[in-house]
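Thanks for coming, everyone. I have one structure to walk through today. Please have a look at it first.

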Amino acid sequence: MNAFMFKDSHLMVLEVPLLFESKTLLPFCFPTCTIYVENEQILKERLEKRNDPNLESKLKKQMSWKEKVKRSDFSIKNEETIEEAYELFRLAAFVDLENT
């Protein structure tokens with residue numbers, strides 16, 4: 001799990017890989033956001049860069065991105081750079097917080 005704070009904000013972001021699967025932290029996380037990759041080729045390329053010998057077993061524990069999107073308060077499709085994903089998330093999070 002990783003935690004991030006946005007500068008000049010009270011917003012804290014928790015990156016929890018199995019949030020919906022484990023349900024442990026879910027009651028404390030609101031709103032929830034899933035950042036996902038729909039394009040299988042892009043996903044495969046990103047996963048290969050991790051060089052994680054346990055990657056397949058980790059992936060088997062996860063529900064599909066489609067199911068995570070259904071359970072999330074909002075979602076972001078990210079098939080560009082990580083910087084673009086962070087910017088989209090920052091904008092979406094602030095818009096959502098203003099409406100809660």
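Let me start with a question: is lysine 23 buried or exposed? Lysine 23 is exposed, because its relative accessible area is 53% and the cut-off for exposed is over 50%. Keep in mind that this is a predicted model.

Now, where does lysine 23 sit? It is in the loop between helix 1 and strand 3. Its backbone deserves a look too. Lysine 23 has a positive phi, about 65°, and it is not a glycine. Most residues other than glycine have a negative phi.

There is another case of this kind. Asparagine 51 has a positive phi of about 50°, and it is not a glycine either. Look for asparagine 51 in the loop between helix 2 and helix 3. With a relative accessibility of 67%, asparagine 51 counts as exposed.

Back to the loop between helix 1 and strand 3, where proline 31 also lies. The peptide bond between phenylalanine 30 and proline 31 is cis, with omega at about -5°. Most peptide bonds are trans.

Let me step back to the fold. The protein chain has five helices and four strands. Along the sequence, the order is β-β-α-β-α-α-α-β-α. The chain has 100 residues, and 22% of them count as buried. The accessible surface is about 7,800 Å², with 53% of that on carbon and sulfur atoms.

Leucine 11 and arginine 90 are separated by 79 residues, yet their C-alpha atoms are 9.5 Å apart. Leucine 11 lies in the loop between strand 1 and strand 2. Leucine 11 counts as buried, because its relative accessibility is 12% and buried means under 20%.

Next, asparagine 78. You will find it in the loop between strand 4, residues 74-77, and helix 5, residues 82-98. Is asparagine 78 buried or exposed? Asparagine 78 is buried, at 5% relative accessibility. What does its side chain face? A polar atom of the asparagine 78 side chain lies 3.2 Å from the backbone nitrogen of glutamate 80. Leaving out residues up to four places away in sequence, asparagine 78 touches Ile35, Tyr36, Val37, Arg46 and Ala85.

Cysteine 33 is partly exposed, at 23% relative accessibility.

Cysteine 33 brings us to the largest pocket. Several elements give two or more residues to the lining, among them strand 1, strand 2, helix 1 and strand 3. Which element gives the most? Helix 5 does, with six residues. The space in this pocket is about 1,700 Å³.

Go to the cis bond between phenylalanine 30 and proline 31. Then go to asparagine 78, in the loop between strand 4 and helix 5. Happy to take questions.

Methods. Residues are numbered from 1 along each chain as its sequence is written. This is a predicted model: local features need pLDDT of at least 70, side-chain atom pairs count only at pLDDT 80 or more; totals for chains, interfaces and linings use all residues. Side-chain values use heavy atoms; hydrogens and water are left out. Buried means under 20% relative accessible area, exposed over 50%, partly exposed in between (1.4 Å probe, protein chains only). Accessible areas come from the Shrake-Rupley method with a 1.4 Å probe; for residues, only the protein chains shown count as cover. A polar contact is a pair of N or O atoms within 3.5 Å; within protein, one must be able to donate a hydrogen and the other to accept it, and residues adjacent in sequence count only if both atoms are side-chain atoms. Contact means heavy atoms within 4.5 Å. On a 1 Å grid over the protein atoms alone, a cavity is a set of points where a 1.4 Å probe fits but cannot get out, and a pocket is an open set with protein on both sides within 12 Å along at least five of seven lines; lining residues have an atom within 4 Å of a point. Grid points are joined across faces, edges and corners, and a volume is the space filled by probe spheres set on the points.
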